[in-house]
Structures are given as structure tokens and as C-alpha cells.
Amino acid sequence: MADSEPVAPNTFRISTMDCAVEESEIRRMVEPISGIRGLHFRLPQRTLRIDGTEDAVTAALTAIRKAGFAPEAMTASTAAGSAADDHTHDHAPGAGYARYAAALVFATVAEGISYFAPETMVWKVAGMVVAAVAIWLAGLETYTKGLTALRHGKLNINALMSVAVTGAFIIGQWPEAAMVMALYAIAELIEARAVDRARNAIKGLVDLAPDDAEILQPDGSWNRIKATEVALNAIARVKPGERVAFDGVVTKGNSSINQAPVTGESIPVDKEPGSQVFAGTINENGELEFRVTAASSNSTLARIIHAVEEAQGTRAPTQRFVDRFAAVYTPAVFVMALAVAVLPPLLLDWPWLTAIYKALVLLVIACPCALVISTPVTVVSGLAAAARRGILIKGGTYLEDARLLKAVALDKTGTLTEGKPKLVAFKAWGATDEGQAQRWAKGLAARSDHPVSRSIAAGIEGAAADVDRFKALLGRGVEGTVDGKAMVLANHRLIRERNQSDEQLDAELLTHEAQGRTVTLLADDTGVLGLFAVADTIKASSVAAVAQLKQLGVTPVMLTGDNTATAHAVARESGIDDARGGLLPEDKLSAIKAMRERYGPTAMTGDGINDAPALAQADIGFAMGGAGTDTAMEAADVVIMNDNLGRIAETIQLSRRTHAILWQNISLALAIKAVFFVLAVFGSATMWMAVFADMGASLLVVGNGLRLLRRAQPAAVEQTTGRLATHEA
């Protein structure tokens with residue numbers, strides 16, 4: 001599908017930009033350039049999109065080239081080719097392992113020569129040659145990048161390793177230099193694979209959307225064709241156990257579909273004609289036919305993946321702090337190593353070779369890789385974990401800042417409630433027969449297109465009476481002739497105008513209105529015959545979700561445009577203590593500002609359309625029910641891909657776990673380095689130990705960050721995927 005996707009202007013592929021350290025290096029060089037508005041990195045694709053003036057882009061490319069990188073302008077064809085190259089590279093790492101394994105063998109031979117061979121010039125030269133071969137096999141790329149960085153006065157990890165290994169070789173520690181470079185290269189490769197797991201965690205969803213689908217042909221036959229060649233409004237068919245290839249609307253059939261890849265819900269959803277289906281979801285049982293409503297490259301799943309990739313290119317607050325710290329830390333350590341190499345021989349009578357060796361060990365220990373890589377791996381893991389749960393977080397900043405929330409403003413309709421009124425109560429009035437009153441009411445309600453009337457008609461079982469002379473009464477209800485009698489199905493206002501209201505009826509209506517219900521009355525010329533109460537019902541998940549927010553110390557507040565009585569009724573039922581009704585969009589803005597002053601950082605939760613101003617005003621905007629809704633995707637900082645309000649509490653909990661792991665990683669990396677710093681200067685740390693300290697710390701922080709991916713995938717996905725694999729086999 002890549003060949004059909006447009007490439008944004010000023011997008012460049014940098015084939016050697018394969019880790020967070022190099023991204024940070026490029027960012028530091030380019031961001032200060034005047035005219036640069038933004039940098040959008042996508043490390044999985046090794047691409048950078050530069051947002052800025054034409055002159056600024058030109059200056060940025062010059063700076064990137066001076067740093068030793070080779071940016072190439074991207075086109076649709078080169079994007080497709082590079083994607084294929086990346087796919088091959090990601091799935092065939094054997095060549096890299098083979099080369100580094102050979103380097104390790106040569107380094108081991110060099111060590112053997114050093115320990116066991118006679119102390120003659122021939123063996124010494126042979127050992128140096130073998131060590132040089134090991135360094136060449138393992139460190140060619142490191143040397144290339146390192147020398148380029150040194151030429152431009154940049155002290156990055158490649159520069160530090162190049163200086164350390166070269167220095168060790170020169171002072172006669174050539175076996176150790178070879179082993180250090182081989183171990184470093186192997187550890188880097190292992191680390192890169194582990195980091196790729198975090199970067200590509202969300203990309204696994206791409207494989208859920210099949211490459212082809214069965215499409216109805218003009219002659220009535222079914223042919224399986226490529227997904228990229230299917231036009232909008234085509235009719236597709238999906239059989240039991242198969243995956244849905246497109247977003248669409250069911251036209252024929254009934255089935256249950258596992259929507260976990262899109263919404264995070266583990267319980268399959270029943271589908272019938274008129275229901276929406278999403279690409280990448282899994283058909284459980286019956287056969288379905290559906291009309292394609294979005295191209296394969298523009299499905300809800302594709303847009304989720306794209307949004308997460310964009311979010312991976314943004315930097316969280318902790319990541320920005322670490323980048324600034326590393327920019328100062330690396331040169332400081334280089335100066336410290338230089339001081340260790342020079343001052344002890346002059347002041348403490350250390351042997352020069354001993355001092356230089358300790359300084360080289362310090363350089364290896366000081367490599368900032370573990371420190372710099374600790375944050376992006378953790379943040380990307382958090383973003384991927386959220387996406388697997390149907391929570392689309394549009395940047396690392398929101399992932400980190402959600403832990404700070406003290407209050408959440410909740411819209412009522414569609415957020416706390418279903419957003420669809422239902423008939424919740426009926427009462428025959430006077431001596432009227434219940435069944436007769438329902439039949440008359442259904443006849444009148446079925447002729448109206450008003451939402452309340454439709455709810456009444458849908459909520460009454462049985463046949464509807466025939467209606468003649470039907471007429472809609474604007475703002476009051478409907479009227480018509482039913483079984484030869486003139487009747488109205490109307491609101492309380494019309495009943496009062498007809499002088500058919502009394503104290504008993506008013507009291508009954510007040511009881512329902514206090515519960516947030518809309519009451520409609522059936523009446524004929526003799527008086528009221530029946531009372532029908534309609535309400536927007538609370539979602540099953542809302543009460544538990546509100547309780548979870550309170551347990552986290554977050555105050556839920558309802559902001560709604562509905563009347564105050566209804567707002568308070570829904571608030572009582574859902575467990576919310578503070579409810580404010582009758583609010584216009586500008587009133588919600590003021591309420592958000594007041595909440596921020598009273599509680600602190602505040603989130604807004606709405607449908608992403610009517611609540612867009614409040615979503616923008618809040619510290620974090622949550623859009624509910626975002627599956628398939630473009631507006632919701634654009635309006636909010638976090639999109640909940642279903643209507644489960646409990647995902648907000650999950651987002652806050654994930655944010656807190658992410659923040660904790662971020663600082664665990666930073667503390668772990670610095671602590672390990674501090675211990676080996678002391679050992680290197682005052683103890684007997686060797687370059688071997690230095691490599692294990694640096695790369696061991698890197699692997700530890702990567703592994704710790706990947707913990708966020710655990711429990712991210714609902715069990716039902718794994719179970720269904722297993723059944724799907726069996727079916728396809």
C-alpha cells in the first residue's frame with residue numbers, strides 16, 4: 001500500500017539514523033536554525049520531515065550533512081522502495097549477527113595470542129593484525145560516524161568509542177580493544193532489535209488488515225482482488241474467521257466481530273445490516289457483506305497507526321530534559337577523562353599508560369546511550385500499549401502529563417450517557433386500559449420523526465393502531481384520529497393549554513423530571529390517557545469509571561447543555577458530586593478555567609465536535625467514541641476509540657506507570673555509570689567491564705521500558721488470533 005500513499009513535502013530518508021541518540025544529535029543541530037518550525041522524526045522508517053521556510057530547510061540539510069548523515073529527498077517510489085528495504089532489514093538480521101560473530105571470533109583469537117603465544121615480534125604483529133580485523137568487522141560504521149563527529153567537534157557515543165578503542169590499541173591493549181569493539185557492536189545490535197520491538201509494537205496492527213478481499217463483480221460473481229485496487233462503495237464479503245479488509249457498512253448478514261484491534265474491547269460486537277465495521281477486526285461466526293466506505297490506506301486502523309507514528313516523533317518533557325542533560329554530560333565526561341589521563345601522572349606519579357588506560361575506560365563507561373535511549377523506548381512503549389487498548393494518545397507530552405490531572409470535566413450526552421433516548425417508564429392514566437393506551441401511542445409516535453416519538457415507538461411492543469389525519473404540532477407534539485377518536489401525543493405544555501392538567505398529574509410529572517426524564521402524554525378530548533417517560537440512560541461503564549477516577553484522586557465534574565434537573569439526576573446516578581447544566585459552549589470554556597484554578601490541571605471529555613472549544617482549552621482533551629470519526633481524531637489530544645469512560649482512568653494509570661519507569665531508567669543508568677566511574681578511577685575496572693556497564697545499562701533500561709507492553713493486548717485478541725491462525729492454516 002505504500003506506493004499509493006502520498007509523501008509529505010520536505011520529507012527526507014536518513015538511512016544511518018537508526019537510534020534515539022542520533023535523532024537527538026540531528027535535533028540539536030537543526031532546531032536552532034532560524035525559520036525551522038518543527039521536526040517530525042519517524043525512526044521506524046528512518047525519515048525526517050522538516051517544517052520550515054525554504055531557506056531554513058536548505059540550511060538544515062547542510063547541517064545534517066556536516067554531521068555525517070546523508071539525507072535523501074523522499075518520493076512515492078523511493079518511499080515504497082525504502083519501506084521494502086526496511087521490512088527486509090527488520091526480518092533478516094542474520095547478516096549483521098554473522099559479521100559481528102566473526103568479529104567476536106577474531107577478538108577471541110587475539111586474546112588467545114596475547115595470553116598463550118610466545119613474546120616474540122612475529123606473534124605480536126600477528127595478534128595486532130587479528131585484532132585489527134576484528135575491529136574492522138565490528139566497528140567500521142562506528143569509526144565512520146565517530147570520525148565525522150570528531151571532525152565537526154561533536155562528542156557522541158561513536159566518537160567516544162572510536163577514541164577509546166583507538167587509544168587502547170595504541171597503548172598496546174589491542175586484544176582488549178578488539179574484544180570491546182566486538183562486544184559493543186553485538187550489544188548495539190541486540191539493543192537495536194529490542195528498541196525496534198518498542199517502535200514497531202503498533203505496526204503489528206498493519207498485518208491485521210488483509211492485503212486482498214472478496215469483491216462483488218458486475219456479473220454477480222465474487223473475485224478476490226488486492227485491497228489497494230478496491231474502489232469506494234464496492235461490496236465486499238468476509239467469511240467466518242476472516243479479517244475485515246476495509247471500513248464499511250454492513251448490507252447483508254449477521255455476525256459478531258472482535259473489534260479489539262481498533263477499540264480495545266475484548267467482547268465481540270454484534271453486527272447486522274446498517275452496522276459499521278472496521279478494517280483489521282475479526283469476523284467471529286456469520287458471513288457478512290458490506291459496502292466499502294474508506295480506502296485501505298485511509299481506514300480507521302491506518303489512521304490510528306499513522307497518528308501513533310506521528311506521536312512517536314514528538315518528544316515528551318522527560319525526553320527533552322534528558323537530551324539537554326546529555327548535551328552537557330558527554331563533553332563534561334570527555335574533559336574528566338582527559339584530566340584523569342594527564343593530571344595523575346603529573347601530580348601523583350601514576351604511570352602514563354595506567355592513567356591513559358583508566359581514562360579510556362572512563363570514556364567507554366560515559367557513553368550516554370543508556371541515558372538517552374531510556375526515555376524514547378519507554379514513551380513509545382506507553383503509546384503502543386495505549387493504542388492496543390483502544391486509547392490513541394497523540395504525543396508523549398500527553399502521555400506524561402495525564403498523571404498530573406486533578407479534575408476531569410465530563411460532557412453528559414454520549415459520554416456519561418448512551419446519547420440515545422429510551423422509553424424508561426409508562427403509566428396508564430385514569431381508567432384507561434394499558435394495552436390500548438400503548439397501541440394508540442405507538443400509532444401516533446410511529447408517524448413522527450422526532451427522537452422522543454421514535455423512542456416511544458421503539459419501546460412499545462405489539463402492533464400500532466392505524467392513524468388518520470396525522471399532523472405534527474411544532475414544539476408541542478403530534479395529533480391524529482385513532483380508532484375514530486381525535487388524540488394527541490404531546491408535552492405538558494400542550495396538555496395545560498387544553499386544560500387537561502391537574503395537581504395529581506403535575507406531581508407525577510415533577511417526580512419524573514427530577515430524575516431527568518422527558519415526559520410525553522397521550523390524551524383525547526376527555527382527558528389524559530397515558531404517560532410515557534423517555535430518558536437518555538447511563539452507560540453501563542459510567543458508574544464504575546467515575547468511581548475509578550475518584551480512587552485516583554481525580555475529581556469528576558459534569559458540564560452539559562441539558563437542563564439543570566436532568567444534569568443533577570444523571571450526576572446522582574453516576575456518582576458525580578458536581579454537575580452544572582444549561583451551559584453553552586462559551587460557558588464550558590469558563591467552567592474549564594474555573595476548574596483549573598480550583599483543582600489544578602484539568603481534562604475535558606466530550607464528543608470532539610460540539611465540545612471542541614472546551615477540549616482545546618483543557619490541559620488534555622479526551623474525545624469519546626472516536627472510532628471512525630475524523631473530527632474527534634483532530635479535536636482531542638487523546639481519542640478513546642469506543643464509548644468506555646473507564647479508558648480515562650486507564651490513561652492516567654498508564655501515565656503514572658510510564659513516568660515511574662522513565663525515572664527508574666534514568667536513575668538506573670546514572671547509578672550504574674557512577675559505580676563504574678569510581679571503580680575505574682580508584683579500583684580496577686577494565687574496558688570489558690566498561691562495555692558491560694554501558695551496554696548492560698542500555699539493555700536494562702530498554703527491557704524495563706518494554707514492560708509497559710505487557711498486559712497491553714486484551715486476552716480476547718490473542719485467543720481470536722489463535723483461532724484465526726488455525727482457520728487460515
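This is a predicted model: local features need pLDDT of at least 70, side-chain atom pairs count only at pLDDT 80 or more; totals for chains, interfaces and linings use all residues.

I started with R237: buried or exposed? R237 comes out at 16% relative accessibility, and the cut-off for buried is under 20%, so R237 counts as buried.

Next I checked where R237 sits, and found it in strand β7, residues 235-238. Then I asked what R237 is in contact with, leaving aside neighbours within four places in sequence. My list reads E214, W222, E242, E287, L288 and E289.

On to the nonpolar cores. The largest one holds 59 residues, and V165, V361 and M687 have the most contacts inside it. The largest share, 13 residues, comes from α7.

Not counting residues up to four places away in sequence, V165 touches I135, Y143, A177, V180 and M181. Apart from this core I found another, of 37 residues, with A402, L405, L549 and M624 among them.

Last, some whole-protein numbers. I count 26 helices and 26 strands. Of the 729 residues, 52% are buried. For contacts with a separation of 6 or more, 69% are between residues 24 or more positions apart. The accessible surface comes to about 31,700 Å², and carbon and sulfur atoms account for 56% of that.

How values were computed
Residues are numbered from 1 along each chain as its sequence is written. Side-chain values use heavy atoms; hydrogens and water are left out. A nonpolar core is a set of buried Ala, Val, Leu, Ile, Met, Phe, Trp, Tyr and Cys residues joined through side-chain atoms within 4.5 Å. Buried means under 20% relative accessible area, exposed over 50%, partly exposed in between (1.4 Å probe, protein chains only). Helices (H or I, at least four residues) and strands (E, at least two) are DSSP runs, numbered from the N terminus. Contact means heavy atoms within 4.5 Å. Accessible areas come from the Shrake-Rupley method with a 1.4 Å probe; for residues, only the protein chains shown count as cover.
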